[in-house]
Amino acid sequence: MANENNKVKLMGKLVQEPILSHRVYGEGFYKTVISVERLSGACDMVPVTVSERLLLSCPAEIGGDYYITGQFRSYNNYSDTGSKLKLTVFAKTFCTADECDEDEPNDIFLDGYLCKEPVFRSTPFGREIADMLIAVNRSYGKSDYIPVIAWSRNARFCASLPVGTHIRIYGRIQSREYQKKTTEGTVIKTAYEISASKLELPDEELSEELL
């Protein structure tokens, strides 16, 4: 079940040389970034973690096009200023894009539980948004905590959902830059979240889809 409740498919261009992140039982895991183009022409910069076993069978080259399947995972990055939630696609498969025939370059499915009250807001252009945090169970009693945004009528629907609601999310991983003020001045940060195109409440008769 844990492998079925968190599924990611990505196809895009490698834009960062893989860098060793950590080792588990002697095996190295490398972090990199895949650029995935939207229909609008803008690109989402998606962080990816790939094992050295996968990289041995399919070497990663800057500018190459790759197809990845896996899970969207979270972990806490601890520092002197506290902990911060980090997100990455943990690759289960990694191959060149010409080895797949997928039409959708950025696709994710999550089956989890609402673990914070949704925050309903409007953009400066009047678009309605609901910000949510979804807990998705993983093996060995672990969970991944994934930020999700719903739009328009889905946002209005999600705004009143109680904590603990069982919810299924279909959508894509998106990145966005924002400015953060620090003691050293203003810096540009990148946030990652799921933009929901469809949602379902498996324990309820009612489910909603975006128009």
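This is a predicted model: local features need pLDDT of at least 70, side-chain atom pairs count only at pLDDT 80 or more; totals for chains, interfaces and linings use all residues.
The largest nonpolar core comprises 40 residues. Within this core, F72, V89, F94 and I194 have the most contacts. In soluble globular proteins, nonpolar side chains tend to be buried together. Leaving aside residues up to four places away in sequence, F72 touches a set of residues that includes V8, L87, V89 and I108. I146, I173, Y192 and I194 are also among the residues touched by F72.

Strand β11 spans residues 166-182, and strand β12 spans residues 185-200. These two strands pair in the antiparallel sense over 15 bridges. They form a hairpin, with 2 residues between them. R176 has A191 in β12 as its bridge partner. β11 also pairs with β7, again in the antiparallel sense, over 6 bridges.

Aromatic pairs number 3 in the structure. One of them joins F109 and Y170 in a tilted arrangement, with 4.9 Å centre to centre and 45° between the planes. F109 lies in β7 and Y170 in β11, so the pair ties together parts that are 61 residues apart in sequence. F109 has a relative accessible area of 14% and is therefore buried, the limit being under 20%. Y170 is partly exposed, at 27%.

Charged side chains also meet aromatic rings. The charged end of K198 sits over the ring of Y170, 4.9 Å from its centre. R73 lies over the face of F90, at 4.1 Å from the ring centre.

Note on methods. Residues are numbered from 1 along each chain as its sequence is written. Side-chain values use heavy atoms; hydrogens and water are left out. A nonpolar core is a set of buried Ala, Val, Leu, Ile, Met, Phe, Trp, Tyr and Cys residues joined through side-chain atoms within 4.5 Å. Buried means under 20% relative accessible area, exposed over 50%, partly exposed in between (1.4 Å probe, protein chains only). Contact means heavy atoms within 4.5 Å. Rings of Phe, Tyr and Trp (its six-membered ring) pair if their centres lie within 6.5 Å; planes under 30 degrees apart count as stacked, over 60 as edge-to-face and the rest as tilted. Helices (H or I, at least four residues) and strands (E, at least two) are DSSP runs, numbered from the N terminus. A charge sits over a ring if NZ of Lys or CZ of Arg is within 6 Å of the ring centre and within 35 degrees of the ring normal. Two strands pair if DSSP finds at least two bridges between them.
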